[in-house]
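Here's a quick tour of one protein model, written for someone who would rather look at side chains than at tables. Keep the structure open while you read.

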Amino acid sequence: QGTWELKFIEWMDINQMTFKCHKDSIQYVDKNNIIRNYYPDFFVDKWNCYVDIKSSYWYSKQIEKWECLREQVKDVEIRVLMENELKKLGIKI
């Protein structure tokens, strides 16, 4: 895990939120019709969703992956938390 992921874990601990790291993989098909696996950073029980921590730079570099996941994965929520969302939670990055 990176620094931001560690800060998010500390925030969840302070807020007594249970979570699992790298709980599952989610299969999707990319724009080139290749089957891929996405490995979320966390599953947050209270939010009942997967959470991935990304800088806006890396999010923009992987935009096609996130578009494919949004189009194809309907049975579970995936939240991507970037700098601004982390700051709104009170996490200093």
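## The aromatic cluster

Phe 8, Trp 11, Phe 19, Phe 42 and Trp 47 are linked into a cluster by ring pairs. For a pair to count, rings of Phe, Tyr and Trp (its six-membered ring) need centres within 6.5 Å; planes under 30 degrees apart are called stacked, over 60 edge-to-face, and the rest tilted. By this rule there are nine aromatic pairs. The rings of Phe 8 and Trp 11 make a stacked pair, because their planes are at 15°, with the centres 5.9 Å apart. These two sit three residues apart in helix H1, so about one helical turn separates them. Phe 8 and Trp 11 are both buried, where buried means under 20% relative accessible area, exposed means over 50%, and partly exposed is in between (1.4 Å probe, protein chains only). Trp 11 comes in at 16% relative accessibility.

Trp 11 also pairs with Trp 47, this time tilted: 6.1 Å centre to centre, with 45° between the planes. That pair ties together distant parts of the chain, with Trp 11 in helix H1 and Trp 47 in the loop between S4 and S5, 36 residues apart.

## What you're looking at

This is a predicted model, where local features need pLDDT of at least 70, side-chain atom pairs count only at pLDDT 80 or more, and totals for chains, interfaces and linings use all residues. Residues are numbered from 1 along each chain as its sequence is written, and side-chain values use heavy atoms, with hydrogens and water left out. Helices (H or I, at least four residues) and strands (E, at least two) are DSSP runs, numbered from the N terminus.

H1 covers residues 3–14, which makes 12 residues. From first C-alpha to last, H1 reaches 17 Å, close to the 16 Å expected at 1.5 Å a residue; the expected span is 1.5 Å times one less than the number of residues. Which residues of H1 are buried? They are Glu 5, Phe 8, Ile 9, Trp 11 and Met 12. Looking down the axis of H1, these buried residues fall within an arc of 160°, so they line one face of the helix. The arc is that of the directions from the helix axis to the C-beta atoms.

On the other side of H1, Thr 3 and Ile 14 are exposed. The cover over the buried residues of H1 includes strands S1 (19–21), S4 (42–44), S5 (49–53) and S6 (77–81), along with helix H4 (83–88). Contact here means heavy atoms within 4.5 Å.

## Helix H3

In H3 (residues 63–72), the buried residues are Trp 66, Cys 68 and Leu 69. They sit on the same side of H3, because they cover an arc of only 160° around the axis. Their packing partners are S2, strand S3 (35–38), S5, H2 and S6.

## Two buried polar residues

Asp 52 belongs to strand S5 and is buried, at 1% relative accessibility. Its side chain joins that of Tyr 38 through a polar contact of 2.8 Å. Such a contact is a pair of N or O atoms within 3.5 Å; within protein, one must be able to donate a hydrogen and the other to accept it, and residues adjacent in sequence count only if both atoms are side-chain atoms. Leaving out residues up to four places away in sequence, Asp 52 touches several others, including Trp 66 and Arg 79.

Ser 55 is in the loop between S5 and helix H2 (56–61). Ser 55 is buried as well, with a relative accessible area of 17%. Its side chain reaches the backbone nitrogen of Trp 58 at 3.1 Å.

Most residues other than glycine have a negative phi. Gln 16, which follows H1, has a positive phi near 50°. Gln 16 lies in the loop between H1 and S1 and is exposed, at 73% relative accessibility.

Phi of Asn 48 is also positive, near 50°. Asn 48 is placed in the loop between S4 and S5, and it is exposed, with a relative accessible area of 55%.
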